[in-house]
Amino acid sequence: KKILIAFGTRPEAIKMAPLINEFKHHKNKYEVKICVTGQHRELLDQVLDFFEIVPDYDLKLMKSKQDLSQLTAAVIEGMKVVLDSFNPDFLFVHGDTTTSTFAALAGFYAGVKVCHVEAGLRTYNLSFPFPEEGNRQLTSRLAYLHFTPTAIASTNLLKEGIDPKHICLTGNTIIDALLFAIEKIEKNKYLQIEDLKQLISQERPVVLVTCHRRENFGQNFEQICSALKHIAETNDVQLIYPLHLNPNIHDTAHKIIGNVKNINLIEPLAYPTFIWLMKIASFIITDSGGIQEEGTALGKPILLMRTCTERPELADSGLVKLVGSDPKGIIDEATILLRSQKRSQSVAIQSSPYGKGDSAKQILNVLDTHIL
Ligand code: UDP
């Protein structure tokens, strides 16, 4: 059978990498080709390097000042050419990006069976600007197989009328990727990690910060920056913030917190460096999905700068606390965590609602049964 795996952003690449590597053990059964849209360029390439993935097709779609509609049109057109040329039986897409949804639509139009990895996440909040929720709901309408990370996600799909035979609970491949990265970090020396060690204080607690979501652009992000400034100026702490390249984030952050004591704004980190940093952080302030999944697997408390979540299992676990973008909420909760913790030590992986790191294997097992 012919398999096409399409993705375009950093988180999709990280979560698809274990699946791509698993397919390599089944070359007798599957002919696999990788298509990247390049929705994120530099961030995507860092991940491809680390996981040693060489795409067969690269649509190179990233353009400055491109809006979502223009990107959508480009993904559909670009994917059509690839689908026509390779003619796959199954198309794998991941999550909730413009790439995944509109690659899925192109696959659907071409009569290819679409397999959605990390299916069934929901906030049911479709108000502007939440493109991710719209994207993942649309993909669920188009997909043939739905690989869900949790029972909650499976239940969401069942309630939406999806045939239970096509909903497959397989955990989240992020745990596979995390275990792979931890093992590689232990075995190899990474220059970027060595450089970062020079920057990191030995005495002060390290707080890792990231922010990139559309819902936090603009005034919300200015408030977030003012909260970070307050935390950094009033505590003996070190905030390390690898900045997303999106100009809405990058330029505002430099303006407001570019020169604040105890804050280090740095470039986006390669995946192994980022995992290393998560391991030594006392806690994490973020609006990211993947970082919540990895951070909690490493036992790190997380302040989530959002007002809703499609990962209720993490909020229920007590490790993730929703603080929104209001400075008071962020500052109060950070202060509590700073008071309750000393500098955190490197930690081992803990039990996670997303499985034990064998999701890619499970997905392949399911696929095997569907091609019989
Ligand atoms: N990540 C990384 N380098 C960084 C920041 C994040 O490799 O400087 C990884 C992180 O470990 C996680 C993924 O990128 O696996 C999360 O991506 P992002 O926060 O951009 O997207 P989301 O998960 O919210 O879709």
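Of the contacts in the chain with a separation of 6 or more, 70% are made by residues 24 or more positions apart. The model is a predicted one, and the values below are computed from it. The chain has 15 helices and 13 strands. Its radius of gyration is 20 Å, close to the 21 Å that the globule rule gives for 372 residues, so the chain is as compact as a globular protein of that length. Taken along the principal axes, the box filled by the C-alpha atoms is roughly 60 × 40 × 40 Å, and 48% of the 372 residues count as buried.

**The six-stranded sheet**

A further open sheet has 6 strands in the order β10-β9-β8-β11-β12-β13, again with parallel pairing. The strands at its edges are β10 (263-266) and β13 (320-322), and each has a single partner strand, so one side of each is left without a neighbour in the sheet. Neighbouring strands of this sheet are turned by 20° against each other on average, when direction is ignored.

Strand β9 can be followed in some detail here. On one hand, strand β8 (residues 206-209) is joined to β9 by 3 bridges, the two running parallel, and L208 stands opposite I240 in β9. On the other hand, β9 and β10 pair in the parallel sense over 4 bridges, with I263 in β10 as the bridge partner of L239. Is strand β9 enclosed by the rest of the structure or exposed, and why? Of the 5 residues of β9 (residues 238-242), 4 are buried, so the strand is largely enclosed by the rest of the structure.

| Strand pair | Sense | Bridges | Residues opposite each other |
|---|---|---|---|
| β8 and β9 | parallel | 3 bridges | L208 and I240 |

**The shell around the ligand**

The ligand is surrounded by 15 residues, of which the closest are P11, P242, F274, S288 and G290. The elements that give two or more residues to this shell are α1 (10-23), α11 (271-280) and α12 (289-297). Which element gives the most to the shell? That element is α12, with 4 residues. By class, the shell consists of 8 nonpolar, 5 polar and 2 charged residues.

Helix α11 is itself mostly covered, since 8 of its 10 residues are buried. These buried residues are Y271, T273, F274, I275, W276, M278, K279 and I280; F274 is also one of the closest residues to the ligand.

Most residues other than glycine have a negative phi, and most peptide bonds are trans. The peptide bond from F128 to P129 is cis, with omega near -5°, and P129 is placed in the loop between β5 (113-117) and α5 (131-142). Y124 is found in the loop between β5 and α5 as well, and its phi is near 60°, a positive value in a residue other than glycine. Y124 is exposed, because 9 other C-beta atoms lie within 10 Å.

K60 lies in the loop between β3 and α3, and its phi is near 50°, again a positive value in a residue other than glycine. Is K60 buried or exposed? With 12 C-beta neighbours inside 10 Å, K60 counts as exposed, because the class takes in residues with 12 or fewer such neighbours.

Notes:
Residues numbered from 1 in each chain as written. Predicted model: local features only at pLDDT ≥ 70, side-chain atom pairs only at ≥ 80, totals over all residues. Rg over C-alpha atoms; globule rule 2.2 N^0.38 Å. Buried ≥ 20, exposed ≤ 12 C-beta atoms within 10 Å, placed from the backbone. Contact = placed C-beta atoms within 7 Å. Near = placed C-beta within 6 Å. Nonpolar A, V, L, I, M, F, W, Y, C, P; charged D, E, K, R; others polar. Pairing = 2+ DSSP bridges. Axes fitted to C-alpha atoms, helices over the stretch in contact; angles between N-to-C directions.
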